[in-house]
Amino acid sequence: VVQLFASDADAGSNADVIYSIKNGSGIGVFEVDGRTGLVRVRGLLDREAQAHYDLVVIAVDSGTVSRTAGTDAVVLIDITDVNDNSPVFDQKNYHANIKENSPRGFIIARLSATDRDIGSNADIKYFVLETDL
């Protein structure tokens with residue numbers, strides 16, 4: 001997802017930095033590599049369930065008396081949408097009665113469907129297919 005970097009002006013092991021997640025909504029969903037600061041996904045993401053996460057990451061040196069960074073790093077993560085949901089009609093069945101002399105273009109029913117995706121992934125197109133019903 002992202003790589004964090006903190007530096008320590010000390011020398012030797014006192015300059016080695018260890019990263020860890022302190023808190024945030026992304027605990028359990030993301031992990032940080034303690035040595036490299038690389039933030040990775042731990043499991044499956046679903047934008048429809050949660051679209052935004054935040055993590056507060058701390059950096060601690062490896063000195064005999066450990067020191068933490070002067071400030072925490074806040075990582076904000078936005079999950080982008082993929083087209084992983086199918087449209088769903090608002091009703092399972094639609095029924096209409098129409099007079100045989102109704103004019104061309106007469107509206108016989110209004111169908112409606114929704115899609116849990118966002119943006120162009122939620123655009124719905126309606127088609128009439130020939131069937132033997």
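Val 1, Val 2, Val 41 and Leu 45 make a nonpolar surface patch of about 290 Å². The model is predicted.

Three strands form an open sheet in the order E1-E4-E3, with antiparallel pairing. E1 and E3 stand at the edges, and each has a single partner strand, so one side of each lacks a neighbour in the sheet. Strands of a sheet pair through backbone hydrogen bonds, either parallel or antiparallel.

Strand E1 covers residues 2-3 and pairs with E4 over two bridges, in the antiparallel sense. Here Val 2 has Val 39 of E4 as its bridge partner. Strand E3, residues 30-32, also runs antiparallel to E4, and three bridges join them. In that pair, Phe 30 stands opposite Val 41 of E4.

E3 and E4 form a hairpin, with five residues between the two strands. Gly 37 lies in the turn and has a positive phi of about 80 degrees.

**The loop from E4 to E5**

Strand E4 spans 38-41 and strand E5 spans 52-61; Leu 45 sits in the loop between them. Glu 48 is placed in the loop between E4 and E5 too. The table gives the relative accessible area of each.

| Residue | Relative accessible area | Class |
|---|---|---|
| Leu 45 | 35% | partly exposed |
| Glu 48 | 15% | buried |

Why does Glu 48 count as buried? Its relative accessibility is 15%, and buried means under 20%. Leu 45, at 35%, is partly exposed, because that class lies between the 20% limit for buried and the 50% limit for exposed.

**Contacts of Glu 48**

Which residues does Glu 48 touch, not counting those up to four places away in sequence? They are Asp 81, Asp 84, Asn 85, Arg 116 and Asp 117. With Asn 85 there is also a polar contact: the side chains of Glu 48 and Asn 85 are joined at 3.3 Å.

Note on methods. Residues numbered from 1 in each chain as written. Predicted model: local features only at pLDDT ≥ 70, side-chain atom pairs only at ≥ 80, totals over all residues. Heavy atoms only, no water. Patch = residues over 30% accessible without salt bridge, like charges linked within 9 Å, V, L, I, M, F, W, Y side chains within 5 Å. Areas by Shrake-Rupley, 256 points an atom, 1.4 Å probe, with all protein chains shown as cover. Salt bridge = Lys/Arg side-chain N within 4 Å of Asp/Glu carboxyl O. Helix = DSSP H or I, 4+ residues; strand = E, 2+ residues; numbered from the N terminus. Buried < 20%, exposed > 50% of the residue type's maximum accessible area, 1.4 Å probe, protein only. Pairing = 2+ DSSP bridges. Polar contact = N/O pair within 3.5 Å; in protein donor to acceptor, adjacent residues only side chain to side chain. Contact = heavy atoms within 4.5 Å.
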